[in-house]
Each structure stands twice: as C-alpha cells, then as structure tokens.
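Here is a short tour of one protein chain, from its overall build down to a single side chain. Have the model open beside you as you read.

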Amino acid sequence: MAFVTLTGLDLIYNAVHRAVWDAFCANRRADRVPISFKVLPGDHEYPKCRTKRTSYEWYIPKGILKTGWMNKHLNLVPALVVVFYELDWDETQWKEKQSECATRVEIVRQSLQGRNTKVAVVLIQKKTPLPPGEDVIASERAAALCNACDLSGKSLFVLPHTDHLVGYIIRLENAFYEHAQTYYYTEIRRVKSHKEFLNKTTHQLLFVRHQFKIAFFSELKQDTQNALKNYRTAYNLVHELRAHETNMLEIKTMAGFINYKICRLCFQHNTPLDAIAQFRKHIDLCKKKIGSAELAFEHAAWMSKQFQAFGDLFDEAIKLGLTAIQTQNPGFYYQQAAHYAQERKQLANMLCNHDSSVTHPIPDPLETQSGVLDFYGQRSWRQGILSFDLSDPEKEKLGILALQLKERSVLHSELIITLLSNAVAQFKKYKCPRMKSHLMVQMGEEYYYAKDYTKALKLLDYVMCEYRSEGWWTLLTSILTTALKCSYLMAQLKDYITYSLELLGRASTLKEDQKSRIEKNLIKVLMNESPDPEPDCDASAVKTSQKLWADRVSLAGSNIFTIEVQDFVPFVQCKAKYLAPSFHVDVPVQFDIYLKADCPHPVRFSKLCVSFNNQEYNQHCVVEEAYQKSDILEQSSQGTMCLVPGKTRKFTFIFVAKTEDVGKKVEITSVDLILGSETGRCVILNWRGGGGDAASSQEALQAARSFKRRPKLPDNEVHWDSLTIQASTMIISRVPNISVQLRHEPPALTNEMYCLIVTVQSHEKTIAKDVKLTAGLKPGQDANLTQKTHVTLQGTEMCDDSYPALLPDIPVGDLQPGEKLEREVYIRCGTVGTRMFLVYVSYLINAVVEEKEIICKCHRDETVTIETVFPFDVAVKYVSTKFEHLDRVFADIPFLLMTDILSASPWPLSIVNSQLQLSASMISVDQLESYVENVVLQTGESASECFCLRCPPVTDSQGGVATGRYIISWKRSSAADSVPVVSTVITLPHVIVESIPLHVNADLPSFGRVRESLPIRYHLQNKTSLVQDVEVSVEPSDAFMFSGLKQIRLRILPGTRQEMLYNFYPLMAGYQQLPSLSINLLRFPSFTNQLLRRFIPTHIFVKPQGRQGDDASIAAA
C-alpha cells in the first residue's frame, strides 16, 4: 500500500484532530483506496537521501538488495506528507496564520531534502465552505496561501469538521492516492534512468536490483500487471547470475523473495495455474543449488520455507474465493514443507553432531555492528565480498561452525509438527482420509522424537483404527512398534499390555524372535517384574522409564486390567457358537467356545468365563485352572487352559434354560479369557458378543471367496476359517402333545351368533394342568374389524358392543391323558369381510431335563379364516295403486310400499317375523301385518310384502319425507332354539311428497260383460283452499257406448267432493280401453291429463256374453 504521513495532528489533546485520525483509520473497508497512514510530528527526520551518482563506470555493487530497502519505502519514506492546519477563510489574524502554515510546510520540505515526496496542506475549518466561485475571499486567500507555501492549487485541501466528516475524508483519501501514484511513477522513471549507465559485465547485480525496485514501486502504485511483468524479468535475471558456493545463498534468497511476489500476484489476478507453474519452475531451478555441503541443512530449511510460503498463499487465495480440488490443494505443499523440515533435521543431526567440548567461537562470527545484515542472503563474516575465492579460510570455518552450533538449538520437531498439522487440516478439509492418516503417523513419530509420548500415543491410537479396518498390517505393525516404545517409556501398564497383545497376534508382521521377546516381556509384566527396554530407544529416556517401572512394581495399585479386544487384533482368537439357532425349553442348551493362539510359544490361561444377557446362566459357564505364576509359558498337553500356537481348542458348555426365557433370545454378551492370576497381576481379554476382532470380518470374507481346498484334519480338530460365530439362540416352548380341532359352518352371516366348536384332546402321558383357552379375532388386523367383532361363550343372548373381540385365558381345568373336551365359541361379526380367528390352548406339564424337574408351559394354536357375508338383500320400491313406479307421491293419496327379501346365504334362512315401523309423517291405510312370518328361504329364493300407505300434507318436503324402518327377524334354519334371533333393521328411503289441486278416483267393477251395463262413478275432490272451476269431458271409445254428461263445467268448493256417474256399455270382449276422462283446471293449467291417468283406470277386462244355462250351472256349482 502507498505510504502517506500526516503531520500537524494532536491526537492526545485535540478532540477534532482525534476524530479526523479515527475517520482515516477506523472501519477501512475493501472499497477504500489502499493507503497506509502514519501520524508524525512536523519536524520528523526522514531517512537521508544519498548523493546521486553521475556515473556507474567504476562502481562495483556489494550485493543485490539491501535488507532495509523494502522497509524504508513501506514505513519510513512517504509518497506524500500531508500538513494539517486549523485555518478558516475569515480568520482575523490571517497573515500570521498564513506565515505559520508556510513555515510548517518549509520544515517538512527541509526534512525531505533530495526526495521526490509530495507535500500537501489540509486546512481544518469549522464552517462548511460555499460552492466554488461564490466565496471571493476564500479564492483570494487560497491563492495567496499556495504562493506562500509554494504549492500548486491541487495540493491545497479544505476539511470542514461537520457531521459529514467521513465523506470528506474519503474524498481527501482519493486525492492523496493520486499524489502517491504520481510519486511512485516518478520513482519508477528515476530507477529506469539508471539502467542506461549499466553494463552486463560488472553490473549484473544492479540489473536485478533495479528491476526488483521497479516492480516493487509498481506494486505500491497498484499497477499489478506491470509489477508482475517486472518481477518475472527480475526472476530471470537472478538465475542469469554466476552462481558459486559463496553467493548461492544470496541468489536463492532473492529468488525466493521474487518468486513469492510473482505467485502472490498470480493468485490476486485469479490465475492459480500460473502461480503453480511458476512455483514448480522455481523449485526445479533451485533444488540443486545446495551451496556448502557443511551447511546442507540450510538448503533443506530454505526449501521447506518455500513450500510453506506457497501453501500459505494458496490457502489465503482459497479463503478469498478460489476453489481447490482433492489433487491440488495447500495440503500437498505443507506436506512437502514438512518433508524438507525432516530432511533438515536429519542433516542437522549428521552435520552438527559435535562433541560437547566444542564451544561457540568468540568473537561470534554471526554478529554484525548494526545487528542486521547489509544485504539479503550474505554471510555476516564476509559482507560485501563478492569474490569467489575465500580470503580467510579459517574465518569461514568458524562461521560454518557457529551456524552448525546455532542449528543444534533449533526445535526441529516443533517445526515439522506444525507443518504436518497444517497439512492434516487441509487433507481433512478436502476429504483425503489416507493422506491425513499417513501424515498423522508422521506427527506421532515426531512427537515421539520430541519425547512428548502422550501426544504421540493419542495420534497413533487414532490412526491405528483406520489401518486395522482397511487391513494395512505392515503399516499397523510399524505404528504399534512405535506405540509400544511410547508406552514403555511412560511405564503405562495397560497400553503396554494392549500393544504387546496385538504385536504377538496374526496381524503383526514382526519376526518370530521379536515376537518371542515381546511375549517374554509381557509375561514379566504379568509377574509384576520390569520388562526389558525396547530397542532403539533414547538412553536417557530408558533410564527414566526404568525408574517408573520400578515404582510400578513397588506400588500396590490396580493389578487387574480388562482389555476389550473387539477393536484390535490380539494374539488369541475366540469364536462362540450355539449348536442350534433355537432350543426347546425341555432340551439342554449347548454351545462351544473355540480358542486359537497365534503367539510364538504356548500360553496357559487361568480362567474362561462366558456372560449372558440373563446373568443367572453365567455361573454354569466357567472353566478355571490353577497353576504357578512361572508356568504361564510352560507347555502342558494335559492343561485344560493351555493354548498351543496354531491349534484350535474347543470348550463345550451345557445349561438348562429358564422357563421364563421361553420366547426370548439367550445371547452371549461377552467372553472373558483371563491371563495371569486374579490374586496377582492379570489381564482379562474381553470379547463382546460371541467373539471376533477387528480382522475377523475381513478374514471371513476372504475365506468365503476362496476356492482353495482345505487339508483334511483329524476328527477332533476343525478348520478355524470354517467356524462361524452364532452368539444367540432362541428358547422356544416344549412341543405340545395335544390336538385342537375346529368345527363350523362358513360363511358367517352379518350380526348372527356364529358358532365355532373347539375340540381339545390330550395326548400327553401325564396330566396337563391349568389348561387355558384363548379364542377370538387374531390381533394385528384392521382396527375397524376389531370394533365390529364380538366373542362370547354364551350363545343364548345376543352380543352387544361391550363384548370383546378376543377372550383371553379362559380356564378349562386339567386334562387327563387321552381326555377330550369341547367348547362352543359364539362370534358376532357386525360387518362383512374376511377375518382371521385364533384359538390358542396353553397348559402346564412337568418335565425332567438333565435330572432337573421343570414346569413347562406348552401351547398349541390354530387359526381359521372366516368370510362374513350379508344374509339377504332387501329391495324397496314405491308404486301407485296401479302398480306403476313412483319417483314421488302426492299428499293424502294412497300408494304402495313393496319389499323383496332375496336370500344370499348358502344355508337356509328362517324369517321369524317382519315389522314395518312407520315414521310420524306416514299413515297406514290398512292394518300392518307380516306376510313372511315363519317363511324358510333357500339360497336365491325371495319373499315379498306389500303395504298401502298415505302421506298427509307436509309444509316442507324439499329433502324428502322419512318413511320409517323395516325390521326383519331371522336366524339360520340349522341353529339351535337357544340361539337368539337376529333383527336386521333396514331404514326405508325418503320420499318426495307433492300436493295436487284435484284428486280423481274411480269406483268400477273388476270386469265387465259384453252388452251389459257397466256403471262407473268418478269422485273429484278439491285439495286446495280455493274454489276450483273444472271442465270435464269424456272422449268416446270404439269398444264402449256410454250414457252420462259428455262435457260439463263444474265449480267445486274447497275440500268438497263431486261425484259423476256414467254407464258404459261394452261392445267388444277383451282388455279394452275405457272412454277417457279429460279434466281441465282453469286455475291450474299445469294439471294435465297425463297426471290424471295415474289415479284412474284406463283399461278394463270385458268378458264375452255368456248363456243363461251356463251361468246357472256355474252358480249351482
């Protein structure tokens, strides 16, 4: 950023000045110009400018770049000095103030003598200025002040101290930035002008220096494209320099600086591939420039720093929005930095391994007069000497020795761990688990070398889990070896035992002699002795640990160690296997425990015990063997608990299951194998479940995929890979020895008391005690079925909703051998559909198992699926007295209600009775009697009834009028007399009732005879409250002659009846059409003859004319 200094501000005693400074510094957002501000006193002494050279002909540079040059232009030499002065345009003492301001500006110029730094003046004013041109006094005084201070008009600014201070400050910043740009542009031109006087023979260093300065000034000017271009040129010039052992460090240092700048600018320009390409080029050019072989660790340190710096740049770019991928992320650069730091450590251990008698040279060749080097990358004892020949070899040796002794004090492990930690964080972020694990192992090893064994173990433990799960046994062995050393050096008993157990196991790739040593050390620990030291441990650390082990031996602490082996691979394998997936409660439960040792020597264990989810079984499954402590490694074929390497040992256990565990799983929750004595120091190897460890699943998969033929073994041995773990078995009830039979007549009919006869017969040899019957709807079906199903043992009365769907545990008593009993279960199903019914019979019986008498609960269940159907279908219809279908009825006019009962049952049905219950809005014309009483219907038969009804006038019949209910009482014909009758209620449909203005009905005989008078009387009744004017006419028919009024006009009073008599004289025999009566209501034109024909007959049957004798004979008969 451009460097600008502010003078004339009193930040301590002047609140206005403090507010101005805060506005410059506080809350600088990204959108503000890049300027670095600093407040200095007005008489501050800036660095003196050196005398300008007029010629470079005899000038020999002493180095490439001075160490203080960048800091000088970043923090010491400003691009612009701003003089703040409080002065208003209407100031009364204007002349004095103007003179004082000019003096301050002159003092600043004197302190900047010889530099191109710009100077500007800011007048802090209390009043807001008027727009330009309106304040004449201000314009005049501004011009006068510029003349007095020797400033251009663009370098004089006004800062009103008002509410909008920040806005004015931002405008000032932009103006300052323009001045700073001008300064850096001038500096670039000044440096470029020097290049004309240079030659490539003696001024190679100056070419690099000037190119770097141009790039640096361009960067301060925020011209990053030109800065990048010049940095690239400077980088190429650096590598054109003649390289020798004496100047190699200076070349690499400058190359590192410039490379950092190039990569940083490439990331800023969002061209990360260019940055990566530049860095790879830089490493390729520099990795072989080692320099002095005695200081090779310096090159490794420099390489590590290069990778670390690029990793930091890469990570910073990602935080600003760059997207990285798994194969290209900062983690790889941190990893490589850690690799070179490890190489530095190795080289330092090799090159700086001086005797303790060697001391640091005096005087110190690394010290300088100023405390810092003059030029980057030069040696402190020969600064500015560019000759490739060493003038003082002795001094060179002392300098190298001083650097080597200084390197010995560097904490290399801390540097390596920091870099590895950065790399792990990156690989974790980009989901590279194997890279993360690999680096965590290296971190653990570095902690081990740094003697921080606790952290080393923590990291190694974490990584071991992943390597176990993926089966990287060689890597796991290496990590375990380091972890064993850590646990030994800390005298951590449990960790030492755990790692020893795994290093002795089949997953370990150690040689037999190494396993033997570890096994003997393990036995020593179990015998409360100190183990032998692990190889390749630090001697001082071993001495410390031996004291700790001695303390462990003398202290009487906790001597029992429980180690859960499920998560690692111990030297003993365990598999538990039940002989069957289930056992009847009256059969002994049997299972085997298989053990196999993988250690070099036979091992004798003291105890094997198995734990179950029901702890009462634990006491029956224990094997114990006592022996002397010294006999742990003694091989004895007679020893029950002695495991020979490679041989499978089987232990068989038998126990009797508890009756309360019937229907439950008996699970092996753990297997404990005890090594050592419980009275002394012992280790409990604990397998969760039925055994197995971290490698078992992988081995089982490989065995399943293998086609390799297994060798034949003796009868008493088994192939370990062929064994499968079965850690649980089900205890099931004793096999019942009774029979259950069900008799019934399906299907069930809706709402009937359906009889299900249950027959139970005992085939047991002893008495079946406490026999209980459970019958009803099988649980787990639709809830609607449960609500509409009711079960009872009493078939004499109808079930209601209070009866359950399942009758549980009905006591039946005891059953003698061979005895048979029957029970009737009555089921009422309220809805149609398929139901599954359960009949469950349980009883108790005594049994002897393993000379132990137990009471077994046996049961047998039968299920039956019963379909429920409707017993009959009922059809209801409304017809007129002429048996014509009606979709509506008329008030006070009789109509017929007809019912048809169609049997849908496969069994005969007895209709006990039927009943019609009318609603209050309906009236029966005749007496209501049942016509189907005691009728038996076979499948498909139907019974019909007919009722004559009348509906009084209603006020509102939009929704129809309720008719009532039709109740049918019925039962199966085969049902016993005690079975209750079922009443099926059918709600009759609503009927629409309409009023009619005139009702007409006719009285006439049932038949007529040819040429005999046929009297017909028509009744006309006014159904309204109005006087009706009625026009009546009779249209003749070919089949009849008639006498009576052919056309008449009547007036009928409200509610009265008018009669009309006609004599019809039939002319033809057969079913003949009567002369049609036509009525016209003047007040109700909608009353049509079509409606009239619903009430009066239109046809009559006419018999032929008979003889007198025939009639007499018929009458006599």
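What percentage of the 1117 residues of the protein chain count as buried? The share is 46%, where buried means under 20% relative accessible area, exposed over 50% and partly exposed in between, with a 1.4 Å probe and protein chains only.

A word on the ground rules. This is a predicted model, in which local features need pLDDT of at least 70, side-chain atom pairs count only at pLDDT 80 or more, and totals for chains, interfaces and linings use all residues. Residues are numbered from 1 along each chain as its sequence is written, and side-chain values use heavy atoms, with hydrogens and water left out.

The protein chain holds 23 helices and 46 strands; these are DSSP runs numbered from the N terminus, with helices (H or I) of at least four residues and strands (E) of at least two. The protein chain is more spread out than a compact globule, because its radius of gyration is well over the value from the globule rule for 1117 residues. Both values are taken as follows: C-alpha atoms for the radius, and 2.2 Å times the number of residues to the power 0.38 for the rule.

| Quantity | Value |
|---|---|
| Radius of gyration | 58 Å |
| C-alpha span along principal axes | about 180 × 120 × 55 Å |

Now for one residue. Glutamine 573 sits in strand E7 (residues 572-578) and is buried, at a relative accessible area of 5%. Its side chain makes a polar contact of 3.1 Å with that of aspartate 598; such a contact is a pair of N or O atoms within 3.5 Å, one able to donate a hydrogen and the other to accept it within protein.
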